[in-house]
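Colleague: I have some questions about the labels used for this model. Could you take me through them?

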Amino acid sequence: MTAAGEEIYLEYADKVSSYVRGKIRNPYEAEDVVFSVFLKVY
């Protein structure tokens, strides 16, 4: 991961995770969605 990618992750990971967990009740699926979001951003 580049420094910019890491900075984006550190800034938004908690917010994205919280939002996704509110929409998807299964924690494993929510984790996969969050991972996919940051993979696309990167």
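Colleague: What covers the buried residues of H2?

Modeller: The cover includes H1. Keep in mind that this is a predicted model.

Colleague: Which residues of H2 are called buried, and what makes them so?

Modeller: They are Ala30, Val34 and Phe38. Buried means under 20% relative accessible area.

Colleague: How do you know that they line one face of the helix?

Modeller: Look down the axis of H2. The buried residues fall within an arc of 70 degrees, so they line one face.

Colleague: What does the face turned away from the buried side carry?

Modeller: That face of H2 carries exposed residues: Tyr28, Asp32, Phe35, Leu39 and Lys40. Exposed means over 50% relative accessible area.

Colleague: Why is valine 41 called partly exposed?

Modeller: Valine 41 sits in helix H2. Its relative accessibility is 48%. Buried ends at 20% and exposed begins over 50%, with partly exposed in between. So valine 41 counts as partly exposed.

Colleague: Which residues make the nonpolar surface patch?

Modeller: Ile8, Tyr12, Val33, Val37 and Val41 make it, with an area of about 370 Å². Helix H1 (3-23) and helix H2 (27-41) each give two or more residues to this patch. H2 gives the most, with three.

Colleague: How do you know that the length of H2 agrees with its residue count?

Modeller: H2 has 15 residues. At 1.5 Å a residue, they should span 21 Å. The end C-alpha atoms are 21 Å apart, so the two agree.

Terms used
Residues are numbered from 1 along each chain as its sequence is written. This is a predicted model: local features need pLDDT of at least 70, side-chain atom pairs count only at pLDDT 80 or more; totals for chains, interfaces and linings use all residues. Side-chain values use heavy atoms; hydrogens and water are left out. Patches are made of residues with over 30% relative accessible area and no salt bridge: like charges are joined within 9 Å, nonpolar side chains (Val, Leu, Ile, Met, Phe, Trp, Tyr) within 5 Å. Accessible areas come from the Shrake-Rupley method with a 1.4 Å probe; for residues, only the protein chains shown count as cover. A salt bridge is a side-chain nitrogen of Lys or Arg within 4 Å of a carboxyl oxygen of Asp or Glu. Helices (H or I, at least four residues) and strands (E, at least two) are DSSP runs, numbered from the N terminus. Buried means under 20% relative accessible area, exposed over 50%, partly exposed in between (1.4 Å probe, protein chains only). The expected span of a helix is 1.5 Å times one less than its number of residues. The arc is that of the directions from the helix axis to the C-beta atoms. Contact means heavy atoms within 4.5 Å.
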